[in-house]
Amino acid sequence: MKGNRRSGTRETAIAAVALLIVLVVPFVHRSPAFEDFVIRLSSMALFATSLNLLVGNTGMVSFGHGMFYGLGAYAFALMMQMTELSLPVAAMLAVLFTTVAALCVGAICVRLSTDYFAFITLAFQMLIYSVIISWQSLTGGDQGLRGGLPRREIFGFDLASQLHLYQCCAVVAVLGLLALRHISASPFGQTLRMIRDNESRTGFLGVVLWRARLWAFTIAGGFAGLGGVLAALFVSGAYPELADWPNSGQAIFAVMLGGINSFLGPVLGAAILLALNDAVARVTEYQGLVLGIVILIFALGLRRGVLDFLRVAWSKDSQ
Amino acid sequence: MTELLRAEGLSAFYGASQILFDIDLSLQEKRTLALLGRNGAGKSTTMKTLAGIVPAGSGRIVFDGRDVTRAPPHTRARLGLAYVPEDRQVFPEHSVEDNLLIAAKSGPDGRRDWTLPRIWDTFPLLANLRARHADRLSGGEQQLLVIARALMGNPLVLLLDEPSEGLAPIVIATISRMLRELGASGATILLAEQNMHFCLRIADEAVVIDKGKVVHHQDTAGLARNEDIRRRYLAM
Amino acid sequence: MDLHALGACLTTSACVVTQTTSGLIVGMLLFLVAAGVTLIFGVLKIVNFAHGTFYMLGGYVAYTTLGVTDSYMLAVLAGALSMALFGVVFERALISRVYGSNVLMQLLICYAVVLIFDDLVKIVWGPEFHAMGMPQAFQVPPLFIAGGVVPPFYAVLIGIAALIAIVLGLGLSMTRLGKTVRAAAINAQMVSALGVNTTLLFAIVFAVGGGLAGLAGALAAPVRSLSPGMGFSVLIESFIVTVIGGMGSIAGALASALLIGLVRGFGTIGFPQFTDGLIYIVMIAILLLRPQGLFGRRL
Amino acid sequence: MSAVITRRTVLAAGTASLLAAPWVARAQANTLRIGMQSILSGPIALLGTSSRNALMMEQDRINAAGGFLGRQIEIVYRDSKGQPQEAARIARELVNSSGCELLIDAEASSASFAVQEVVRSLDVACIHTNSETSSLTADPKIRAPTAFRVARQGVHDAVAGSIYLAEYASAKKLNKWATCSPDYAYGRDTTAQYLQFFKQFKPDLEVITEAWPKLGQPDFTEVITKLIQAKPQALFTLLYAGDLSAFVNQGNIYALFAQMAVATPNVDYPVLAAIKNLPAGIQSATRYLETFPDTPANKEWGQAYFKKWNERPTNWSWQNTVAMQFYEQAIKKANALDGKALAAALSGMRIYTPFGVDGTITMRDDHTTIGYAIGWGQTIPKEPFIVDVKAADWGKIIELETEWKKQQRYI
């Protein structure tokens, strides 16, 4: 317990230092490209890390995690457009809404075994996607929400300003990741790992499997929703692809690329994926070809996420 | 007398943990050799390694004069090595007849001694159940089926892993009688068992293994009198 | 929602016949793709997310073959056979390396293949859509049956797909190869220990699955636009079909492909703007009531 | 020990360089970069690539004439696949990372609204070249200060088309119509607009059934049979490009076009060419037509395009060409590139161009163009593909547009 608390303090310190560095950068050198990247990364990192709470931590492969990302974005953007709520309130309500949605979807899904769980989450995602596309009067259909988000200042913060948006996203992402880290290191997180490693034994210990899974699913959904809120802020709206299947695929890829056994793996994976996408898009219009080859090299060569791979390489070095 | 199957210094692993250590075995043509040992001694792993399902870590497996250490299971099977797994593994959704047909092939020398009619002759019980799905058979019937299935491949050697496991005494007696007849008719059998009494009546000689190592080798008649070995390695 | 129109349709034979045949044709082509998905999953436990790519490539190969040979029959054969071959290469070169590993690793490999071939198609055939056009032999007026319209080309397609369904069904249940494939689906190790080369068997399964998808792409090429990425929507639908029918069940794939076809056929009348949603709802309902699918084995 | 360092260093450096790659600043060249994004893959990529083709021709022409403000121009192309979220990302990336100082948004409507929001926050000048959805510029809440549209506008098209179709329908006694449009915002909004005006001009019009296939749907069979069931006298469709081609090919199997008249505003040259067995007598708008307006300048441009790309231009081609012509004039006038100055120059600007009905096109104060060629005619299977073209009356179009804007409370 003591060790836990000490490592908790250490992580908070690391997070604070990382945050500080990110926040200082713009005062040294303004680069809109870098700031855009960090804003997108903060959203994607929350999304991918929350997915990894399911995939890496609990062994639940969800193909439909993007639905919560999309729901978070839509809930937030709609509240901003249709109500006079202030931004933090709207954001919190959006996350709450997503969490409840995850609870409802989870309650239906979590009892199914691995493959079927993957498919039913995919089916739910596609259902939600087609509702978003069809419910044009509310969501704008395929065009997404038009007209942008109203810019309301909060505490002297104006999110129309790139710098303020950057700062806000960095803070939210670091706090979100810290919370996720806390959850994954908590006794609850231990229980989830036990379920992943040995379902029946965990059951014998008196853990109600479906309830633990449902909690994990709900929490992951909520954090994905938070990622969606940041995404909505970045694009100043909400668009159906946020809730579409390929978006879930991106998150899965980020998780796999970074490493499912390292907490920061998905963050690194998201960073690599975003950077790779941007870099390739500038060089060639055949992004898919390049990305596909990279994935193949990674999947057949490395066979595990970058961070997992580095950890293995590192520990070999240290021996 | 020719040697059909030989293992030299065989080792095997499950992941990082070593299960078999330096196993030596030799099986002569038309003989029945029993592989005895307690639960977890490494009998099944030995059988699986011989059949090619578990890869050999080191050592050599020579079958019918050929080195098959790296050969995949189906190659070994086609060379005449038939494997009957411990948990029977019938194809549950196939009929008895289909279970047999899937395994039908001629032997390595082109022989086709075992055909469906001969199986029905030898296993009249199965003949009556030919259309039944294998998952509807009793344990004993399933055991007969998998032995028959192995024979359909016209093998040179039968690897039988714990054929008596989990069966009622009366069924065990049937299987025992059938295996004795098989042996008498000239079949070559490697029989892994923890039920020593079952083996004594079938096998000519026995190898005892413990913790993945060969600890004793003797003819069965002698082993039956060897209280020391039985107490040390075979007592439950 | 337009339940009134749906009711009116269901009470006129012309509408029922026409929408049923249109459901049949949509369903049968879907079946050809889904049969491969379900076969590959059933035997190899591989969720082949690259299956839409086979469909796409089959269409493009047929398009080019038609241009060169001017024979639709050759075009269809070329589409199917080339994809059978591609299936073997895909299985040997990529998928066989991740047997038994994490399902996400398999997913990634398939995803990579989809990305790569979408772009390769763009490079070879260009990013614009192509239309193959109807072969001369089928440029004939439609038939009228019980007041419903049935085009001869579609009747032929339905016939071919039905024939394949029968061949596939009988082949799996009656022939020795089929029985062995079914046995390998349940216990590949045991099949291998009985002397069957399962490596070859798996390659054959991929060849059949890929060939069927290629066949579907080639058969559909005269009426559908060919464009890079066209495999995606087909993939999603064939997945739904596979899940509803029961992963690994050919009969299930047939039944659920027809079900989806009919939901489309009549859904477009009753729920013109929510037909897709309807299909997902059917899928969720079935997964909840019978997770193993209509014809799947109980888990 | 050294091996350890090497390995770690390599691992760390590799990761770092991968991460740093996107924002390593490009050497700021004197070249003026113009970002262009469009749909360059998928079933409607045809339109995106035809936009790019036109822009490449403009780039050559402008550079030969000395560029903008003495700087050679370079257009940077990106494929958004038509997805709004991706389009928004690309727009930001073009400006923030790739150093583009002007934007051409050659997206379809679905993505141009997303680009609009990016433009609003970046204050860069942007011309939407392909989005026809009226609200993009008509709705003052959506209109952005530095974003303009050089494209057909849905409401203009709807008025022009409805007047033509009402006459046509009355002449042929076609009262029972069906619609079949892609199930997304453009399809729904524009269909609704057409029907509104169509009913206004022909009050006895009856829409007996509507079908809404998905965008990029592979199989239209159930939609086609539904249309046949309903037995309409005529069909109005907004399907386009690959979807239109598939629809026509599948419809042919059912002899759909023998059973009803068809009207669509969306037949482009290459689509006509790609559709095998094109039925004659489809009522269609002139998207781009070499023979309309029938002037030497228009014909010359069409021929030059055909010569260079070995296919005919689309509606999107001329729109992108005009956008560059507007930029050219506005930059000359403002002698600057920043969004505010260009916006001031563009508002109310009138330029000479082959694509105007009277040789000019005007950028109105509400950031949208008027005076471009709108006409309707009927298809024939060979050149010039559309004949009997009737030009629309711009006076009537603007009158009804204003009325519509009032209805929508835009003015």
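**The contact between chains C and B**

Tutor: Between chain C and chain B, eight residue pairs are in polar contact, both residues at pLDDT 80 or more. A polar contact is a pair of N or O atoms within 3.5 Å; within protein, one must be able to donate a hydrogen and the other to accept it, and residues adjacent in sequence count only if both atoms are side-chain atoms. This is a predicted model: local features need pLDDT of at least 70, side-chain atom pairs count only at pLDDT 80 or more, and totals for chains, interfaces and linings use all residues. Residues are numbered from 1 along each chain as its sequence is written, chains are lettered from A and ligands numbered from 1 in the order in which they are written, and side-chain values use heavy atoms, with hydrogens and water left out.

One salt bridge is found across this interface. The rule asks for a side-chain nitrogen of Lys or Arg within 4 Å of a carboxyl oxygen of Asp or Glu. The partners are B:Asp98 and C:Lys179, with the closest N and O atoms 2.8 Å apart.

Helix α7 of chain C (residues 176–193) gives the largest share of the side of chain C that touches chain B, 12 residues. Helices are DSSP runs (H or I, at least four residues), numbered from the N terminus.

In all, 18 residues of chain C contact 19 residues of chain B. Contact means heavy atoms within 4.5 Å. About 1800 Å² is buried between the two chains, 58% of it from carbon and sulfur atoms. Buried area is the accessible area (1.4 Å probe) that two parts lose on being put together, summed over both.

Technical notes
Helices (H or I, at least four residues) and strands (E, at least two) are DSSP runs, numbered from the N terminus.
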